[in-house]
Amino acid sequence: MYTEKVMDHFQHPRNVGEIENASGVGTVGNAKCGDIMRIYLDIDENHIIRDVKFKTFGCGAAIATSSMATELVKGKNIQEAMKVTNKAVMEALDGLPPVKVHCSLLAEEAIHAALWDYAEKNGIKIEGLEKPKSDIHEGEEEEEEEY
């Protein structure tokens with residue numbers, strides 16, 4: 001069901017924790033599944049992500065996608081970090097089961113939320129960045145569940 005990489009990042013997550021006085025903090029959740037993800041960024045004066053940490057409350061896939069997303073943005077500049085999509089996270093993990101794809105979307109949104117927080121604190125605009133939603137299902141119509 002899960003790839004070896006997903007299991008590795010779930011069982012041995014990278015970059016777990018908090019960054020005190022972080023340059024940017026992003027928290028997003030998914031009310032439907034109950035996952036909550038918080039990403040902390042430490043960004044230097046050259047807009048390079050020096051350090052990144054995460055705290056995730058959720059399933060194994062949510063933890064694995066958080067871990068991989070932090071690995072993908074560490075050492076990158078802001079524009080490179082903006083290019084880390086849920087697809088990139090899934091590919092880096094060698095795929096996710098269809099019912100867990102939303103976890104990778106949560107990781108992308110948490111990065112964007114942390115970058116938004118950074119931009120707000122520093123009075124800058126990041127090209128292509130939109131104000132984040134606190135719930136990734138915000139604004140979507142309720143999906144009918146079939147049994």
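**Close-up views of a predicted model**

Ile124 is found in the segment after helix 5. This is a predicted model: local features need pLDDT of at least 70, side-chain atom pairs count only at pLDDT 80 or more, and totals for chains, interfaces and linings use all residues. Residues are numbered from 1 along each chain as its sequence is written, and side-chain values use heavy atoms, with hydrogens and water left out.

View 1. Helices (H or I, at least four residues) and strands (E, at least two) are DSSP runs, numbered from the N terminus. Is Ile124 buried, exposed or partly exposed? Ile124 is partly exposed, with a relative accessible area of 32%. Buried means under 20% relative accessible area, exposed over 50%, and partly exposed in between (1.4 Å probe, protein chains only). Setting aside residues up to four places away in sequence, Ile124 touches His47, Tyr118 and Ala119. Contact means heavy atoms within 4.5 Å. Ala64 is 60 residues from Ile124 in sequence, and their C-alpha atoms are 31 Å apart in space.

**View 2. Helix 2 against helix 5.** Two packed helices are described by the angle between their axes and the distance between the axes. Here helix 2 covers residues 60–73 and helix 5 covers residues 101–122. Their axes come within 8 Å and cross at roughly 40°. Axes are lines fitted to C-alpha atoms, for helices over the stretch in contact, and angles run from 0 to 180 degrees between N-to-C directions. Helix 2 and helix 5 are therefore oblique to each other. Angles under 35 degrees count as roughly parallel, over 145 as roughly antiparallel, 65 to 115 as roughly perpendicular and the rest as oblique. From helix 2, Ala61, Ala62, Thr65, Ala69 and Val73 meet Cys103, Ser104, Ala107 and Ile111 of helix 5. By class, this contact has seven nonpolar, two polar and no charged residues. Ala, Val, Leu, Ile, Met, Phe, Trp, Tyr, Cys and Pro count as nonpolar, Asp, Glu, Lys and Arg as charged, and the others, Gly among them, as polar.

**View 3. Helix 1 across helix 2.** Helix 1 spans residues 4–11. The axes of helix 1 and helix 2 come within 8 Å and cross at roughly 90°. That makes helix 1 roughly perpendicular to helix 2. Helix 1 brings Val6, His9 and Phe10 to the contact, and helix 2 brings Gly60, Ile63, Ala64, Ser67, Met68 and Glu71. These residues divide into five nonpolar, three polar and one charged.

**View 4. Two asparagines in one loop.** Most residues other than glycine have a negative phi. Asn15 lies in the loop between helix 1 and strand 1 (24–30). Phi of Asn15 is positive, near 65°. Asn15 is buried, with a relative accessible area of 11%. Asn21 lies in the loop between helix 1 and strand 1. Asn21 has a positive phi of about 55°. Asn21 is exposed, with a relative accessible area of 73%.

**View 5. Thr56 in strand 3.** Strand 3 covers residues 49–57 and holds Thr56. Which residues does Thr56 contact, leaving aside neighbours within four places in sequence? They are Ile36, Met37, Ala62, Ile63 and Ser66. Lys100 is 44 residues from Thr56 along the chain, and their C-alpha atoms are separated by 15 Å.

**View 6. Confidence in the model.** pLDDT is the predictor's confidence in each residue, from 0 to 100. The mean pLDDT of the protein is 90, and 91% of its residues reach 70 or more. Over residues 138–147 the pLDDT is below 50. Where pLDDT is low, the predicted coordinates should not be read in detail.
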